[in-house]
Amino acid sequence: MKTKIGTQKIKQILIDRKIAKTKRERLWLVAAKDGNILWVVKVKKTDLSPRLVNAKMQYIIVLRREVKDDE
């Protein structure tokens, strides 16, 4: 994830915030088309896009669920 002072790995953010490994698998990420992570929902947002009063952002949410062969 890009920040004002550089980049930080998502794994390190989760360790610093003391998020349990079992909860990490259920976290949602919001990413830009280029693959840059913008937001780890309820954990941390990128510092690179300050909010403007009249700014509008559009998000597309993609939900992927892994299906096992026996289901």
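Select Met1, Ile13, Leu14, Ile19, Val40 and Val43, the six residues of the largest nonpolar core; such a core is a set of buried Ala, Val, Leu, Ile, Met, Phe, Trp, Tyr and Cys residues joined through side-chain atoms within 4.5 Å, where buried means under 20% relative accessible area with a 1.4 Å probe, protein chains only. The model is predicted, so local features need pLDDT of at least 70 and side-chain atom pairs pLDDT 80 or more, whereas totals for chains, interfaces and linings use all residues. Residues are numbered from 1 along each chain as its sequence is written, and side-chain values use heavy atoms, with hydrogens and water left out.

Stay on isoleucine 13, which is in contact (heavy atoms within 4.5 Å) with Met1, Gln8, Val43 and Lys44, leaving aside its neighbours within four places in sequence.

Next, select strand β3 (residues 29–31) and strand β4 (residues 37–40), which pair in the antiparallel sense over three bridges; strands are DSSP runs of E, at least two residues, numbered from the N terminus, and two of them pair if DSSP finds at least two bridges between them. Here leucine 29 has valine 40 of β4 as its bridge partner, and in the hairpin, with five residues between the strands, glycine 35 takes a positive phi near 95°.

Moving on to strand β5 (residues 44–45), you will find an antiparallel pairing with β4 over two bridges, in which valine 40 stands opposite lysine 44. Three residues lie between β4 and β5 in their hairpin, and lysine 42 in the turn has a positive phi of about 65°.

Notes
Buried < 20%, exposed > 50% of the residue type's maximum accessible area, 1.4 Å probe, protein only. Helix = DSSP H or I, 4+ residues; strand = E, 2+ residues; numbered from the N terminus.
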